[in-house]
Amino acid sequence: MRVGEDEDGAFTQQNVKSPFSSLEKGLFYAPEMTLRRKGMNLMSKGSCSSLATRSVQIGVGRDEQTGGISFPIYPSATYRHPGVGESTGYDYTRSGNPTRDVLEDALAELEGGARGLAFSSGMAALTTLFLHFSSGDQLLVSEDLYGGTYRVLDQVFAKFGLQASYVDTTSVAAVDAAITGQTRALLIETPGNPLLGVADIRALGELCRCHDILFVVDNTFLTPILQRPLELGADVVVHSATKYLGGHSDLCAGALVAKDAELGERLYFLQNSTGAILPPQDCWLLIRSLKTLPLRMERHSASALQVASWLQEQPQVEKVYYPGLPEHPGHLLTKRQNAGFGGMLSFRLNDPQLAEQLLERLQLISFAESLGGVESLITLPAVQTHADIPAAERERLGICNRLLRLSVGLEDPADLIADLQQALNHFSGRVVHG
Ligand SMILES: Cc1ncc(COP(=O)(O)O)c(C=O)c1O
């Protein structure tokens, strides 16, 4: 048993150290939440190991010429060579850009990997990763996953002979049983999307190691602040940085972080060959966003727990999916492997008519795709994010037209609850007071 663990291996709030001075309800920190030091990165200057400090310090000290606290945007597409066979280190911006370098180093450092790569979207990051495989290879993929990942595998990569099989990755036994001689990688989303199922990253990592399979974790929902897949056994982390990393619904970006330098170099080769890079202006915006990521994740988690607990009490709500609720099947596992429950929850209403009406009546919470922004967003996955998953499969998984997914933003949770309440009460014909 390690320091801070109870007998079940679960971290208890009083035993673990928060990187913040105030520890809010719903957020807890594990000893694994410290960052590996990367000697080359000026962000590692000093002796701090707190994620909060390191996030704020991204880029500080990197602009040696001016000492600028905010690292500048280098829009140049190309760079003068000092002489034949000589380079400043930058030749052409698809291959390398100073602003992107600062961002990519920060992504690697926050995730605890050897190499970070910034892409023009999460799908660009995933597409580049899939190009690592060959015709005839099989990928095992979480069945509870973003519909766009399903679409690119089934409607694009299948044509090139890359075969995807979907499996319940909350069950290590189910994953084990699905592995064949052709399996080259396991790609999981945890918590799942939109049903928030929780996979045991450490156990799946061991399984992948035994079978010599690449283990990839889409860390979009929890970010390195709340979940550290590379420390738990993953080889690669994927992000839709459009979501929490960006955090303000104002940029589209993606990321890959490789645990080891060799795989990182291979992924860089694929990125440079195919060109799905993040432009320098967006790199700068993402650097700025990352500086507040720990604070935002802390608040997203605390507010989501409050909203989920309230929703659970409402007569119109049949079921709430949120790992922070003790009834959730992944609750104890999340406490053991994560530093918080995150800002995403889903709930199923007891009347199919209600979902549409609720979306129409909400005033503060926007009915919009995406997630992870400071503003709360609600979606109907069956007709939006997961529309590309065949209807029968959606039905089997429980992604029905009564299921709504809520990205709890940074508004006062009392205001979010009041908005949900007025919408639910309107439907049931009750008069809303105050
Ligand atoms: C978990 C997850 N991964 C990947 C993606 C794709 O990212 P993007 O929309 O930035 O291309 C999304 C988008 O919603 C997502 O939710």
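This briefing walks through a predicted model of a protein chain and its ligand. The chain has 434 residues, of which 48% are buried, and its secondary structure comes to 15 helices and 12 strands.

- The mean pLDDT of the protein chain is 89, and 87% of its residues reach 70 or more.
- Residues 1-45 are a stretch to read with care, as pLDDT stays under 50 there; the model still has 84 contacts beyond four places in sequence for this segment.
- At the other end, residues 430-434 also have pLDDT under 50 throughout, and the model gives them four contacts beyond four places in sequence.

**Around the ligand**

- The ligand is surrounded by 14 residues, and the closest are Ser121, Gly122, Met123, Ser240 and Thr242.
- Sorted by class, this shell holds nine polar, three nonpolar and two charged residues.
- Two helices, α3 (122-130) and α4 (147-155), each supply at least two residues of the shell.

**The nonpolar core**

- In soluble globular proteins, nonpolar side chains tend to be buried together.
- Here the largest nonpolar core has 107 residues, and Leu186 and Leu345 touch the most other members.
- Helix α11 (residues 293-312) gives this core its largest share, eight residues.
- Both domain 1 (34-290) and domain 2 (296-427) contribute, with at least three residues from each.
- Leaving aside residues up to four places away in sequence, Leu186 touches Leu140, Val175, Leu204, Cys208, Ile213, Phe215 and Val216.

- Helix α10 (residues 280-290) is mostly covered, with eight of its 11 residues buried.
- Those buried residues are Pro280, Asp282, Cys283, Trp284, Leu286, Ile287, Ser289 and Leu290.
- They pack against α1 (51-56), α2 (98-111), β1 (115-119) and α11.
- Ile73, in the loop between α1 and α2, touches Pro280, Gln281 and Trp284, and also Thr99, not counting residues up to four places away in sequence.
- The C-alpha atoms of Ile73 and Leu285 are separated by 9.4 Å, although the two residues are 212 apart along the chain.
- Is Ile73 buried, exposed or partly exposed? Ile73 has 17 other C-beta atoms within 10 Å, so it counts as partly exposed.

**The loop between β4 and α6**

- Most residues other than glycine have a negative phi, and most peptide bonds are trans.
- The loop between β4 (183-189) and α6 (201-210) holds Pro191, and the peptide bond from Thr190 to Pro191 is cis, with omega near 0°.
- Pro194 belongs to the loop between β4 and α6 as well; the peptide bond from Asn193 to Pro194 is cis, with omega near 10°.
- Leu196 is also found in the loop between β4 and α6, and its phi is near 60°, a positive value in a residue other than glycine.
- Leu196 counts as buried because 28 other C-beta atoms lie within 10 Å, and the cut-off for buried is 20 or more.

**Two further residues to look at**

- Ser249 lies in the loop between β6 (236-240) and β7 (254-258), and its phi is near 50°, a positive value in a residue other than glycine.
- With 19 other C-beta atoms within 10 Å, Ser249 is partly exposed, because a residue counts as buried at 20 or more.
- Where does Gln353 lie? Gln353 is in helix α13 (residues 352-361).
- Gln353 has 11 other C-beta atoms within 10 Å, so it counts as exposed; the cut-off for exposed is 12 or fewer.

How values were computed: Residues numbered from 1 in each chain as written. Predicted model: local features only at pLDDT ≥ 70, side-chain atom pairs only at ≥ 80, totals over all residues. Near = placed C-beta within 6 Å. Helix = DSSP H or I, 4+ residues; strand = E, 2+ residues; numbered from the N terminus. Nonpolar A, V, L, I, M, F, W, Y, C, P; charged D, E, K, R; others polar. Core = buried A, V, L, I, M, F, W, Y, C linked by C-beta atoms within 7 Å. Domains from an automatic or database assignment. Contact = placed C-beta atoms within 7 Å. pLDDT = per-residue confidence, 0-100.
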